[in-house]
Amino acid sequence: MKKITSEDIIYAALSLFSEKGYDATSVDEIARKSGMVKASFYKYFQSKEELLLGTIVLIEKLLDADIKELYLKHQLPSREKLRQLYLIALGRIYKNKVHLLVYSVPLIGSKEEKIAQAIDRVEHYLSNVMVDFLIDAYGQSIRDYAHDINFVIKSIIINSFRMSDSELSSTEHQTLAEFIVSITDILAQGMLSPDVQHQIMWRRDSVFYEDSDQIWTKGKQISYALQRIDTVLKQTKLNEATRNEYVQILSRLQRELSEENVEIAHVKALLLFLGQLPELLEDCTKLKAVLEI
């Protein structure tokens, strides 16, 4: 018999939360769907609230992996990337009604506050990625309007799920994603029209986006540069010993950059080594620029 893991319980909970809502789902139901008795549930999670936090963290992890993969699809047209981003949002976040869960949790303790912060972090992360892809699709001129477009698009997605009596099928997801891209085209073209003056609601410097944009952007650039280096290493023809050496150096670089106090001299040396491989030179140069070293 397959051993039950915490992720098995999380996926079972996601299914129930999507179907019944957070409040209406009991620990007993989650345990049964996971294939265990209620008492065994508490070996993995101390409470339903702790499980919810674990659920959001897993969704954040899966979302990040999906988006990193999408960033690396350089051959895709920008409009198609936008459509695929909407599909990721539909599948990873809104399908599971994560954006609604926070309203079901009374925010009275530190654990509940962590849940609210985690949900806000996922929503904010997705908002920044959407803005990124909008600029890629429509140019820098859309930047001032990007958060407003994002606000409208997310409202459409949320209401689509609220109004649906049952879970959307894969075909319906595809249709909805294409519809949303069409609406995005209309919004972008209208806002960029020189004949109409538009009121901007969500400015880049508004409180809603305060403090996090610059940090997030820098972190994103570092993360994706490291991801590209890893991908290039896997695709480049190298003998096994050389490949292993480069992989170890990359691993050391990732560890170094994850430390609270980064040793700049170590990072410089590691990037210098990686940059010896012509295929990695461009990304190593970009990393130096982002890190300002």
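In helix 5, the residues Arg79, Leu82, Arg83, Tyr86, Leu87, Leu90 and Gly91 meet His173, Gln174, Leu176, Ala177, Glu178, Ile180, Val181, Ser182, Thr184 and Asp185 of helix 9, where contact means heavy atoms within 4.5 Å. By class, this contact of helix 5 with helix 9 comprises eight nonpolar, five polar and four charged residues; Ala, Val, Leu, Ile, Met, Phe, Trp, Tyr, Cys and Pro count as nonpolar, Asp, Glu, Lys and Arg as charged, and the others, Gly among them, as polar.

The model is predicted, so that local features need pLDDT of at least 70 and side-chain atom pairs count only at pLDDT 80 or more, whereas totals for chains, interfaces and linings use all residues. Residues are numbered from 1 along each chain as its sequence is written, and side-chain values use heavy atoms, with hydrogens and water left out.

Helix 5 (residues 78-92) and helix 9 (residues 170-191) pack at about 130 degrees, their axes 9 Å apart; axes are lines fitted to C-alpha atoms, for helices over the stretch in contact, and angles run from 0 to 180 degrees between N-to-C directions. Helix 5 is therefore oblique to helix 9, since angles under 35 degrees count as roughly parallel, over 145 as roughly antiparallel, 65 to 115 as roughly perpendicular and the rest as oblique. The crossing of these two helices is right-handed, which is to say that the near helix is turned clockwise from the far one by less than a right angle.

A second pair is formed by helix 11 (residues 240-258) and helix 12 (residues 264-274), whose axes come within 10 Å and cross at roughly 150 degrees. Helix 11 and helix 12 are therefore roughly antiparallel to each other. Their contact brings Glu245, Tyr246, Ile249, Leu250, Arg252, Leu253, Glu256 and Leu257 of helix 11 to His266, Val267, Leu270, Leu271, Phe273 and Leu274 of helix 12. These residues divide into 10 nonpolar, one polar and three charged.

The protein chain as a whole has 13 helices and zero strands; helices (H or I, at least four residues) and strands (E, at least two) are DSSP runs, numbered from the N terminus. Of its 293 residues, 44% are buried, that is, under 20% relative accessible area, with exposed meaning over 50% and partly exposed in between (1.4 Å probe, protein chains only).

Glutamate 292 lies in the segment after helix 13 (278-291). Glutamate 292 has a positive phi of about 60 degrees although it is not a glycine, and is exposed, with a relative accessible area of 70%.
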